[in-house]
Amino acid sequence: MIAKLFFTLLAVGLAAEVLAKVRFEKILSFLLLCFLALWGVWIFEAESLGLVDKFSFHWIDASLMLVNINLNTTPDICRLVFALLVISTLSVFYNTFYKAETEKLRVNGLLTLNLAMLVSIICSQNFMQLLTAVCIMDVICLLMINDIESKRRYAFYNLLADMGLFTLFALIWKQTGSIDLSVLEKYHRPGQYPELTSGLLLLCVFIKSGIVLCHGGFLSLASLTFNRILAISYCSAPIVGILLLVKTYPLLENIRYMKEIFLSFGGATLLWGCVGSIVLDNIKDKALYFNQMIYAFLLGALAFGAKDVDALLPLVLFLGFVLNAVWMLTAISTSNELFISNMGGFIRPLKLLFVSIMLWSLIFVEVLSLRATMLNGVWTYGFAAILLVALAHISFQIFLGKSNADERVLAFLKNPPLLNLLPLWIICGIIIWQIGKPSMQIWIIWVAFVAFCFAGPLRTLGKVYDSENLQEADWLHDFYQTVLVAPIKILGRVLWLLIDFLIIERTIVSSLTSGSNLLVRVLDRMHTGSAFSNAGYVALGLGLFAAIIYAKVYN
Amino acid sequence: MTTSLNFLSTIIAIPFIGVLFALTAKDDDKTRGRNAFNVSVLAVITNLLVLWRIAALLDISASGLQLTERYDWLENPKISISLGIDIFSLLLIVAVHAAVLIGMFGARHNKEDGKALMVFSLLFLCMITGFFTAADIFSFYIFFEAMLLPLFMIIGMFGGLRKQSVLSRFFIYNLLGAIFLFFATVILYNYQAANIALNDVSKVNLNMKLEIFVWGAIFISFLSRIPIWPFHYWISSISTGLRNPLVFIITNLVPLTGVYGFIRFWPKTVPGVLSYFMIILEIICVISMLFIALIGMINKDFQYKIFSFMTVWYIIYLLAAFLPTDTVLQNIGYALFSFLIIAGGLEVLSNHMEKQQESLDISSGGILCAMPRASRIFTFFVLASVGMPLSSMFLNNFILIANLLDKNIRMGFLVIFAIMVVAAGLLQELYRLKDTECSLPDKSGVADISYKAYIILLIICASLVLTFINPLWFVV
């Protein structure tokens, strides 16, 4: 089942890329959407029936390495694939109906290929399959990014991440003699490098999932169109980071302080995301900071075990996706106004969106409170509180309070088309159906959130939107430029000047050239000059001859 | 394996016959070297077809040279020329042919001395093919030196602005290498009183002094071809001044001959007296790699960036060749196959951009925005060169780097750092060339690559992707 899905996704994705320039791209995109939806139904059915099926083939059968591609079907795999399939289908849906997207079929084709690679990652049982799928996903993601600066940053950060992954798997393979993921469990014997490889793995995951200190590539996506931000945030690199952690968790279990590392980086990212979402004016930036909070939560949750996160992942991803889609629809409804400082008081014309946010917050609280017992209560409720504070503040600024919108925005302000809202409501409905009615405790928390929203206690923070320095600050990028990139460049220049230019060009090559010129001049003068020169030449020969005789006789 | 046709002499002869045809081709203002170009392309393609047939005849799993041929040359001293091929040599010959073919397409609009360029390129191809098929030390030595002749002429005619100084350096370094290899060859011949098969060189029992001298001489002769400090300067200085992609590709194939020499000669079990020198060589290799990668990153000339990319990888393949295992050899071959084609493609496209920039007198920033076809192919080549899974470089480099890390983890990490620096340099250049902010109206007159070139390059990209799926996809 999963193997069939993988190969059909590859075929359809490649076909979509080939046909990307044809006239009927919207119709073809719609067909692609139907195709994904159909597969969603089949995978759901397979999961419900508990279908188990084994599929693997030899990819490389070399003397040094035997690489198998595993595409087995199990209920666990089906559950995760189903979640990602639904999210990808929704992304395709928004790409198809988002007017600002000019290359609908191309992006949808890339998303389909991306999904095939996600399936490969989920099914992988060896690290060559894992590494290959991760790297191919990076190339696909790079093609989805259509802003040059974002592309540049994404490429540099992910190059670093992929090289880290490459190195750690190469090291483990040579030391254990196997590429099977199961060897990670035993990778802590003398002479092996569990700390080093775990460090490399964490670096890679942090870059991919936009964890603080490594988030430059992830947050630079703000210059993309909203539908692409949505697609990349929930179908590509960040989710790969979490899947990588889940897959290679046994390696990290051997490391002391791993729980502390997860929690401290997760916590720092959560706070960073909260501050960023409150302080920045651009709604795309805010959306990305919210996504960062979602992934920070998942990272922290991993401190308490991979199995629970495996179960939590689909729900959290759905919730994150829906919230992101709401921000996208807000921008669409306000004639693509991106700055929160130019909004306010939109509750009446955008009541459907406001209701959506309230509905979302209710489900969010319920899902987390249900999972809090499974994970750690402090971590889960801490995350929920931080995210809800940021959400309440932004909801207040958009929907309540005084309006700062200009005439153009006010004139065209209207609820987004029902077609766009419907999938979100359906998802919310399905989640409620799955988890049951909220308890009284949930209602109390939710009412408190709504009250917080209407009260807007953080309204004074709106002043930070006026600070141009803060809005355009890129401290981390500047820091890395100064601390890492600039010294490397200076070193390169110094080496070029000192060794290539000064030592080789000006000293060795120049002295060789001058020396040979001098020799030629001397010999030339001896040959063609006066009788004195000729006599000198003969005397030199005689002297040499005498020296040889002397050496022969007395040695 | 024996066959009725002498395939190896055929693949050496075909470029030479191409040289004769190209020499007689009409070359006036009207044709402008087009006839010579057509003949040369035909010769290379014919040779590629013969190579395909050879690939079908080879037993991939067998070790040692196959399809061997032997020709008696002299009676006294008794010298015979032996030829042989294995899958490793075959991959290199095919890759060199493909790279030269790409270079020929890139240089087809060369207006001055186009005929001479094609003639000397074919002659170089003939010699390098002989070099890769040589099975004994004498034929190896002859082809090793003979390929310098067309190279000397090519650099002399098309070596850019600083060709005189470059030629003198080229001459000094290669003369040094030639003398040392000559002495080593003569000593080995005298010691054994017979011509020695290449894979038996390491089995010759020499006394300690001679062992040091012979291996030291072999060391220096091969090192003179590889851009390892202090021998790097002639190739690096020529690489920055070249405006002809074919000349660049041919010049940058020279280090391959040094690496190949090491691979063929170097004993898997290094004699004890040499182990000390091996450490020194490895240190020099790593320092050179880092040095060239760092300079490549800051250098604004894209040719230098390609040169630094090629050098870093050549040195990695050299370090991998020193590993005490034969099994990585095939991986070096697979990786080199894609590596040479990628470098050739990058060079041809960068040359096209440079010509557009010079003819329109514009800046190169954002130039790719005005040429979407070139942009797609160039992006592919850059991503493949930085190690993305788009060619056989991905998997085979993984194996090579794993082995280097296993041998010495510090060295392995320095190698990875050099790869990252060189990859960052290439990516930096790619995004500068694609920068939409620089894409001003002055780029409107920029000509994209022709549809014909685009289709050829697309086929090359597809064949590279196939090498990722199966490195020997072309072997039936």
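Two residues are in contact if their C-beta atoms, placed from the backbone, lie within 7 Å. Keep that in mind for the exercises below. The model is predicted: local features need pLDDT of at least 70, side-chain atom pairs count only at pLDDT 80 or more, and totals for chains, interfaces and linings use all residues. Residues are numbered from 1 along each chain as its sequence is written, while chains are lettered from A and ligands numbered from 1 in the order in which they are written.

**Exercise 1. Describe the side of chain A that touches chain B.**

Step 1. Start with the size of the contact: 32 residues come from chain A and 32 residues from chain B.

Step 2. Look for the helices (DSSP runs of H or I, at least four residues, numbered from the N terminus). Helix 5 (127-144), helix 6 (148-176) and helix 21 (475-528) of chain A each bring at least two residues to this side.

Step 3. Find the main contributor. Helix 6 of chain A gives the most, with 13 residues.

Step 4. Sort by class, where Ala, Val, Leu, Ile, Met, Phe, Trp, Tyr, Cys and Pro are nonpolar, Asp, Glu, Lys and Arg charged, and the others, Gly among them, polar. The side of chain A that touches chain B has 22 nonpolar, four polar and six charged residues.

**Exercise 2. Work out how helix 1 and helix 4 of chain A pack.**

Step 1. Two packed helices are described by the angle between their axes and the distance between the axes. Axes are lines fitted to C-alpha atoms, for helices over the stretch in contact, and angles run from 0 to 180 degrees between N-to-C directions.

Step 2. For helix 1 (residues 2-18) and helix 4 (residues 104-123) of chain A, the angle is about 155° and the axes are 8 Å apart. That makes helix 1 of chain A roughly antiparallel to helix 4 of chain A (angles under 35 degrees count as roughly parallel, over 145 as roughly antiparallel, 65 to 115 as roughly perpendicular and the rest as oblique).

Step 3. The residues of this contact divide into 13 nonpolar, five polar and two charged.

**Exercise 3. Do the analysis for helix 15 and helix 18 of chain B.**

Step 1. Helix 15 (residues 372-385) and helix 18 (residues 451-469) of chain B pack at about 25°, with axes 10 Å apart. Helix 15 of chain B is therefore roughly parallel to helix 18 of chain B.

Step 2. R373(B), I377(B), F380(B) and A384(B) in helix 15 meet Y454(B), L457(B), C461(B) and L464(B) in helix 18. These residues divide into seven nonpolar, no polar and one charged.
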